[in-house]
Amino acid sequence: MIRRLIVVALALAVLVWLGVRWIGRRTAPPASRVAVVDTLSSAGLRAARLYFAARDGGGLVAEARDLPDRADLHERVTQLVAELDRGPRGAGVAALPPGTSVLHVYLDDRGLMTLDLSRAFRERFEGGTTAEYLALASLVRTLAANVPQVKRVLIVCAGAPLATLGGHLPLDRPLDVSDWP
Amino acid sequence: MSAHPRRRAAGRAGVAAVALLLAAVTVAARFPGWPSVPAPRSVPRIATRDTLPVSPVRDSAPLATLDGQTYVAANDLARLIDAVKFWRADVRKLVLRSGRHRITINADNPFVVLDQRTLRLPAEARLLGGEMQIPIALVDSLPRDSAMARLFVEPRQARVVVLPPGGLVRGPQSASLDSLTRWTFLSDRPEEASVASRARGRFRLRFTGYFSGTLPESLPPRSLVRAGRRIGSVSGSAIELQISPEAVGYRLIPETGARRLVLEFWRAPRADLEAFAPEVRPAAGGVRVVVLDAGHGGGDPGVRAGGLAEKDLTLALVRRLREELGARGLTHVLLTRDEDRTLSNDQRAEYANHARADLYLSLHVDGFTSPQARGITILCPPARFGGTPLPPPPRVAPISVMPWRDVAERHAVQSLALAEVLRSTLELNGLGPVRLREMLPTTLIGVDATGLMIECGELTSSAERARLADPASLSRMAALIADGVLAWERSE
């Protein structure tokens, strides 16, 4: 009789314990240290340096912006180009043709980045040499500042080579980041 | 009597069961993680073709002095080392995660945890104006590996900079001998230095490292380097030197083992010298054939704004410029198009080369989207081509080959000289600002002549549109360009 009672009490204790664990899991996340860090990691921010056109067209203006951390190269470049397309928060104006986005990115081990941009890059471009220069400079400078492995950038559009953006500056060769001060 | 002990035993068992229940509840509440499966750790970043780690932002940040200690702002430091930031407001703790490294900094605490090490800084990290300020001494303790950007503190300039992959460049030590001038730089990667411009007037040396040295303020009279200055560079750093005409060539010698870079300019020819960019000036009256190119045309209107089209304005301008040049004695002036028709850049270049042009000016009108845009932009080819090296006598000069596409770079020095004269002429007469960009435009590809592309104003700006639409203003601009061409031809 006593043994039975002890066994039942033990079984009940185990059941209660498991029940409390189960209810606790369903109602609230565990407040352990690991869980806190994991929750925070999704909110990590990384500073990016973005280049936009000066309002008078005389050059570029830089803007530092905290962006959600993206470790993957494609995601990072996509994010940077999206921010350039979104435009500046301070002085300056967006230099990229509106709607420009990244289709593909490839970076080889010699620092040549092949950047495949959407059709909007070519089709929605307007302006003369300055607009063209600033659009390319904005891209090249932003990529060079945030992805330092990049030494040269070859711009293609919708998977096809692009001879020029607006007819004034050649794109048949990769753009050396050092040539865009 | 026999039930009594049984009841007692049952009572003890009941108490034990209740105690066990309470213990189970307490344990479950106190240790919610046990015995559950450990939380999954974040997936490490693996460098593959598709997922490359994103490297540090190259940048610099100012230093601040507080109570005799030098600090850098936490946001700046995070940006410099490309760290992801985590802020725990409840315990005022900042965690910076850069690559595989982790730095934990607590406000009002001199102890910093760097990976597994605990460091004591000379001062506490401070919260100031809502931002944490970190003693700069932390920079010296940061790991020096590929996972974290290498920082360099420049106390004189009160800033901390991110070193590029090329590391540091120091110096130079200069020596001027009878036969040569030698500059020696200490460089982490001397083999990566390159000459970006071979023009004597703008000789540019580019380093992949950060140049922390200072250029000499005064140079001895026999030095073949007349002046030097630092110039901007997107990656690494660069200096620009002015080289004496007495120099016949140069040598760039990377001594990788000694981590030195030697730059020599020589007075006498040697077999191993590199040549400067060709700079044959036209003799007075040497410009015989001028080809003027009116940008766009036919089905390509160029920029349009306010009822005006670029193709019409450029045609009107080249016609006026032809008259102005003719009035100044340059009578052999040809136009790539004298009517509204479509021409490719290849056709224009072919026309100029066939006419054996001494000078080629491609005129355009700009149209930047901002209404505040203003000014004139001149594009000229960069001086990357070294021409034919001077051989030591009696050897025959070797042949140097370049792609025909870049043939305009043979004339880079003169093109730049003309661009600078034009800039002065236009700005002195109130037509500015004039921007000069050393970049080969499509309109100069394949043109074998001194050449420029000139964007003569912003059609999208109402003030400049009014100027471009006014025939008198257009004539004045043509006259100023003609004056500039003549001044350049006379080497003024």
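The following dialogue reads some features of a predicted model.

Q: Which conventions apply here?
A: Residues are numbered from 1 along each chain as its sequence is written, and chains are lettered from A in the order in which they are written. Local features need pLDDT of at least 70 and side-chain atom pairs count only at pLDDT 80 or more, whereas totals for chains use all residues, and side-chain values use heavy atoms, without hydrogens and water.

Q: How many helices and strands does chain A have?
A: Helices (H or I, at least four residues) and strands (E, at least two) are DSSP runs, numbered from the N terminus; chain A has five helices and seven strands, in the order α-α-β-β-α-β-β-α-α-β-β-β.

Q: Is A:Thr130 buried or exposed?
A: Buried means under 20% relative accessible area, with a 1.4 Å probe and protein chains only; A:Thr130, in helix H5 (residues 129–146) of chain A, counts as buried because its relative accessibility is 1%.

Q: Which side chain forms a polar contact with that of A:Thr130?
A: A polar contact is a pair of N or O atoms within 3.5 Å; within protein, one must be able to donate a hydrogen and the other to accept it, and residues adjacent in sequence count only if both atoms are side-chain atoms. The side chain of A:Thr130 makes one of 2.3 Å with that of B:Asp366.

Q: Which residues of helix H7 of chain B are buried?
A: In helix H7 (residues 462–469) of chain B, they are B:Glu464, B:Arg467 and B:Leu468. These cover an arc (of the directions from the helix axis to the C-beta atoms) of only 95°, so they lie on the same side of H7(B).

Terms used:
Buried means under 20% relative accessible area, exposed over 50%, partly exposed in between (1.4 Å probe, protein chains only).
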